[in-house]
Amino acid sequence: MFDNIKVAFEDKSDKDLNRAYLLFKTISNPIISKTLTAFVKIAMWLHLPINGVIKATVYKHFCGGTTINNSQDTIDKLWESHIGTILDFSAEGKESENDFNRAMNETIASIKKAKTESSIPFSVFKPTGLARFSLLEKISDNQTLTKEEEIEKETFEGRIENICKTSSENRVPLFIDAEESWIQDAIDNIAIEMMKKFNTKEAWIFNTLQLYRNDRVAHIQMLLKMIEKQDFFVGLKLVRGAYHEQEIERAKEKRYPCPVHIIKEDTDNDYNKALTLCIENIDIISVCAGTHNEDSSALLVELLEKHNISKNDKRVYFSQLLGMSDHISYNAAKEGFNVVKYVPYGPVKDVLPYLIRRAEENSSIAGQMGRELTNIIDEKKRRRNT
Ligand SMILES: Cc1cc2nc3c(=O)[nH]c(=O)nc-3n(C[C@H](O)[C@H](O)[C@H](O)COP(=O)(O)OP(=O)(O)OC[C@H]3O[C@@H](n4cnc5c(N)ncnc54)[C@H](O)[C@@H]3O)c2cc1C
């Protein structure tokens with residue numbers, strides 16, 4: 001179903017395709033990719049004028065624009081192919097109260113925009129955009145907080161509640177992104193509280209589960225038990241997880257049992273189990289499959305057929321990142337499934353950690369990321385021969 005390359009690239013000009021080819025060709029080489037990301041980090045630190053180069057290459061491919069307003073062309077273009085947008089304010093690594101308030105206001109602005117545009121079916125935020133990483137780590141570790149930290153924690157929870165309330169009042173579903181396991185308990189706890197509070201009639205608040213973790217299928221089972229006793233709907237975005245190496249390194253360094261699978265197949269199995277569990281419980285769980293994996297996406301198609309769930313049932317979404325796995329997004333959308341893409345936006349220097357993760361992901365041997373380059377090459381050949 002996802003094999004139609006023509007459909008996958010139908011809104012890309014030859015110029016777009018050539019740019020994408022050069023980009024993926026460069027970053028698919030692990031040595032070049034590592035050298036370039038190291039150079040970019042140093043250049044940014046030294047304030048060298050490299051913004052223009054980044055903006056014209058990797059940023060142009062993976063991001064919508066520097067603000068919500070100048071991401072509009074990307075939103076409109078995706079929507080022409082029936083693909084929705086999730087505006088993702090991608091400023092990372094911030095540590096000041098001003099930055100946290102700005103991230104909250106950006107998310108609220110994206111919810112309000114989503115309310116008026118059917119091309120934007122979801123909103124999203126990253127918890128570390130709203131509080132200090134070390135605070136979330138301390139909370140997750142059940143450490144005693146100082147008085148100041150207690151206030152910080154309340155402010156953080158207040159920001160999240162403000163965003164979730166805006167989301168449910170405006171009837172715009174909201175994803176809470178997942179991050180490193182050692183800060184995730186703090187996020188999960190508040191996500192569950194928000195689901196209980198705002199998902200009373202349907203799922204507006206979605207937590208994210210990373211299925212590279214070896215305890216996440218059990219987490220879904222725990223949620224199912226919880227719903228038996230307390231009446232609320234669960235929203236889940238399922239992903240494999242973006243911090244695999246860091247998880248393994250930290251567990252080794254601090255000598256605790258590794259929280260993530262170390263064999264890719266185990267992650268794949270858990271992802272597919274989680275997807276199956278969600279669809280089997282569709283009356284109480286809404287699910288978004290955030291994945292570039294073809295097998296998992298094909299499994300979702302099968303599960304919908306098996307359970308007689310219509311392709312455009314609003315409780316089920318396929319989701320990919322802008323500039324990645326267009327063969328899944330465009331083909332699924334053409335078949336009438338609900339598809340939405342993350343469209344990161346923000347100033348170049350703030351989006352950099354996100355772009356570096358994309359470069360690293362696309363140069364890794366594990367997974368199916370070599371597929372991006374293969375697809376682009378196939379489409380270039382197809383165009384040459386027609
Ligand atoms: C819409 C969307 C939203 C996302 N939101 C988040 C988020 O909130 N938090 C987050 O962490 N990530 C998020 N991601 C990124 C995601 O977690 C993955 O990093 C990325 O999508 C690659 O996984 P995949 O399912 O597409 O498929 P694949 O390419 O098949 O799998 C690659 C993934 O498999 C896992 N893996 C690789 N090697 C091994 C190994 N040896 N053993 C075990 N597992 C291994 C890793 O998780 C790796 O990322 C999101 C992705 C999408 C598309």
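Guide: L87 stands opposite S123 in strand β2. The model is a predicted one. The setting of these two residues is a pairing of strands: β1, residues 84-89, runs parallel to β2, and the two are joined by 2 bridges. Strand β2 itself covers residues 122-125, and its side chains point in two directions. F122 and V124 point one way, while S123 and F125 point the other way. In a regular strand, side chains alternate between the two faces of the sheet. In β2 all four of these residues are buried, whichever way they point.

Let us turn next to the ligand. Around the ligand there are 30 residues, and the closest are G241, T267, T291, H292 and N293. The side chain of D177 places an N or O atom 3.2 Å from an oxygen atom of the ligand. In the case of H244, a side-chain N or O atom is 3.4 Å from a nitrogen atom of the ligand. T267, one of the closest residues, has a polar side-chain atom 2.7 Å from a ligand nitrogen. On its own the ligand has 940 Å² of accessible area, and the protein covers 91% of this. Two or more shell residues come from each of the following elements: β4 (205-210), β5 (234-239), α12 (264-280) and β7 (316-321). Of the elements, β7 gives the most to the shell, namely 3 residues.

The charged side chains also meet one another, and the structure holds 34 salt bridges. One of them brings together D14 and R383, with 2.8 Å from N to O. This pair links distant parts of the chain, since D14 belongs to helix α2 (residues 14-27) and R383 to helix α16 (residues 370-384), 369 residues apart. D14 counts as partly exposed because its relative accessible area is 49%, a value between the limits of 20% and 50%.

Another salt bridge joins R159 and E97 at 2.6 Å, again from N to O.

E193 and K196 form a salt bridge with an N to O distance of 3.8 Å. Both residues lie in helix α9 (residues 181-198), and because they are 3 residues apart, about one helical turn separates them. E193 is partly exposed, with 42% relative accessibility, and K196 is likewise partly exposed, with 25%. Finally, some salt bridges share partners, and in this way D11, K12, D326 and K341 are joined into one network.

Methods:
Residues numbered from 1 in each chain as written. Predicted model: local features only at pLDDT ≥ 70, side-chain atom pairs only at ≥ 80, totals over all residues. Heavy atoms only, no water. Near = heavy atom within 4 Å. Polar contact = N/O pair within 3.5 Å; in protein donor to acceptor, adjacent residues only side chain to side chain. Areas by Shrake-Rupley, 256 points an atom, 1.4 Å probe, with all protein chains shown as cover. Helix = DSSP H or I, 4+ residues; strand = E, 2+ residues; numbered from the N terminus. Salt bridge = Lys/Arg side-chain N within 4 Å of Asp/Glu carboxyl O. Buried < 20%, exposed > 50% of the residue type's maximum accessible area, 1.4 Å probe, protein only. Pairing = 2+ DSSP bridges.
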